[in-house]
Amino acid sequence: MRLVKVATCNLNQWAMDFDCNLKNIKESISRAKEAGAVIRLGPELEITGYGCEDHFLELDTVNHAWECLKELLVGDWTDDILCSFGMPVIKGSERYNCQVLCLNRKIIMIRAKMWLANDGNYRELRWFTAWKQSDQLEEFHLPSDISEALMQKTVPFGYGFMQFLDTAVAAEICEELFTPIPPHTELALNGVEVFMNASGSHHQLRKLDLRMRAFIGATHTRGGVYMYSNHQGCDGGRLYYDGCACIVVNGDVVAQGSQFSIKDVEVVVAQIDLDAVASLRGSISSFQEQASCKQHVSSVYVPYKLCKPFNLQMSLSSPLKISYHSPEEEIAFGPGCWLWDYLRRSGASGFLLPLSGGADSSSVAGIVGCMCQLVVKEIANGDEQVKSDAIRIGNYTDGQFPTDSKEFAKRIFYTVFMGSENSSDATRARAKMLADEIGSWHLDVSIDSVVSAFLSLFQTLTGKRPRYKVDGGSNIENLGLQNVQARIRMVLAFMLASLLPWVHSKPGFYLVLGSSNVDEGLRGYLTKYDCSSADINPIGSISKQDLRIFLRWAAIHLGFSSLAEIEAAPPTAELEPIRSNYSQLDEVDMGMTYDELSVYGRLRKIYRCGPVSMFKNLCFGWGSKLSPSEVADKVKHFFKYYSINRHKMTVITPSYHAESYSPEDNRFDLRQFLYNSSWPYQFRKMDQLVNELSVGKDVAASSNGVGVVAANSADPKAGL
């Protein structure tokens, strides 16, 4: 037997905070050594943090990374343990995303990333160059201070693997795993048995299964040990990196870390028999045949043994059942952990949420409540870093610390119901009930006097006073009256966030939380600069459908029972007067259902459909319930309001990224914000297609002797 113990980790790094990052790296190495591991793998670009973005263009960033690496190498951190560190490296005039592989205070090789992530949220080609010399390793001259400290002038650089006395080890960096021809394919044929994947992979609902299938597939048909390390937490932007460090052997997961956690460091260890890899490969005839005519990959010889011989004191890691969270749990834990990182690193002393008693703001409140529960639980488990942060943010004194989530929420979470004459008693009561269940410090205020003051000022200026539509006003008056309420709520929220800490004799400020969902953003069903405008928004890329599922789950599993009643209530903005014959409803106002919006959003973004392609797809999807003309009308209606309101995405509150059809303009969904909202060419093409389909249908019907009767109405939810 060739027994080897390996360690990978989840690290909560912070972009550009080198002290924080170095501390976490050292802690992970210490834990790996304590466990007896001889290989330690960290996340991609762990020294700088993955989300540095244009800071990668600064020479300071690269220089500081070398300084941190030097500190790791001149100490005893790499003694008797192979460590992979992620950092940017400049070679010649090019900047590369690299894994620096070190052992016994020396750099063995620098592996440059060959295939860069450059879609969705990723812009690696903006900052890095892909390594293209895949057939060789080149000589890299180390910076002079590193060279002097290590007594090492050069190091192999590029693409290759390390050949030890008893096994071969190679790095495969993040995106490379997901390419059509991943490096591990030819590396396995060259005898590599251990693959180290340093990653910076963000959370997205229902995404983990795709990632796990890739790890399993990498070693299922060709054998091998696949180690995966990831960032975990908010490193300074909209993304939450969801950890899940794991170790896979011959297609079986033998160790798996947490996906959502507020720990700064988590180390995952497994003990493996590498003879099992050799045995599997030797039993697969096609592997043997392809290995015999493989393309040669360069290697670096390392005269060192990693493996231990047969020893009954060293038990082998067994296959595990993979742990997956449900989408409801992902919505609770992912944004909850992201909010905690943002709160503890921002200098704020709490959150303030305009709580309307509706589904969206109540979802945000539920997520904050979940965050408070996670903090108290982690403190009970002995995490001193979480305890220290909670004591500081909660303003505890005399050795006190959080032991109850409701008590902690009372110190750091502030909710305010900003009612008007249009607010119902039901939503006011639901907001109060939820605040009591979570433990937030709750206010109930009326904004009518402020609204009246604005309208009186307007009347003084113009001589006119607007009326609601139900009272005989025009659409322009009706919209203006709704908008002034919404914008007053934003101003009031920020005033409370800045002054309440002073009232409570606390330092800092409160972060204002937004609560618009992804579907409202896509349709533009929100007022620009209203109470959806905030510091951060944990649900800004989560669909209404998923939020409803979350509310039902949270009512039971988080103990906030009022969320079930909130979910059951019809969505309404409550910005117009309630009459016996009229009550404002979101879906009526929008002219489309939330279910339909979700379909439009996925077709527009994920499947890259313009108006005509969307129409064709929906003719198949909804054709059993709607005529082509009705489908065309729905598509036109969506694109009209999408384009009219696209400008709102340029100032949308920074949101937790959770959904692949997010319309967020600043990082993810890059489209213009000034459109010809009549889409003349595209809509004309749709009309032509509708006419062609209608003529074809009439011809087919007449040839069959069957009359055609167009449906006067159809359930828009049917067929979704």
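Which residues in helix 11 meet which residues in helix 12? In this predicted model, for which local features need pLDDT of at least 70, side-chain atom pairs count only at pLDDT 80 or more, and totals for chains, interfaces and linings use all residues, Ala390, Ile393 and Gly394 of helix 11 meet Phe408, Arg411 and Ile412 of helix 12, contact meaning heavy atoms within 4.5 Å. Residues are numbered from 1 along each chain as its sequence is written, and side-chain values use heavy atoms, with hydrogens and water left out.

The axes of helix 11 (residues 384–394) and helix 12 (residues 405–412) come within 9 Å and cross at roughly 50 degrees, where axes are lines fitted to C-alpha atoms, for helices over the stretch in contact, and angles run from 0 to 180 degrees between N-to-C directions. Helix 11 is therefore oblique to helix 12, given that angles under 35 degrees count as roughly parallel, over 145 as roughly antiparallel, 65 to 115 as roughly perpendicular and the rest as oblique. Helices (H or I, at least four residues) and strands (E, at least two) are DSSP runs, numbered from the N terminus.

The largest nonpolar core has 63 residues, such a core being a set of buried Ala, Val, Leu, Ile, Met, Phe, Trp, Tyr and Cys residues joined through side-chain atoms within 4.5 Å; buried means under 20% relative accessible area, exposed over 50%, and partly exposed in between (1.4 Å probe, protein chains only). Helix 2 (residues 59–74) gives the most to this core, with 7 residues. A second, separate core of 58 residues includes Leu205, Cys234, Ile379 and Leu513. Among the residues with the most contacts inside the largest core is Phe157, which, not counting residues up to four places away in sequence, touches Val89, Lys91, Tyr96, Cys98, Ile110, Ala112, Trp131, Leu137, Glu138 and Phe140.

A search of the whole structure finds 0 disulfides, a disulfide being a pair of cysteine sulfur atoms within 2.5 Å. The sulfur of Cys234 is 11 Å from the closest cysteine sulfur, in Cys337, and is therefore too far for a bond; Cys234 is buried, with a relative accessible area of 3%. Cys609 is likewise in no disulfide, the nearest cysteine sulfur, that of Cys619, being 12 Å away, and Cys609 is buried at a relative accessible area of 9%.

Arg222 is found in the loop between helix 6 (208–220) and strand 11 (225–233) and, at 18% relative accessibility, counts as buried. Although Arg222 and Arg281 are 59 residues apart in sequence, their C-alpha atoms are 6.3 Å apart in space. Not counting residues up to four places away in sequence, Arg222 touches His184, Thr185, Ala188, Gly217, Arg281 and Phe287.
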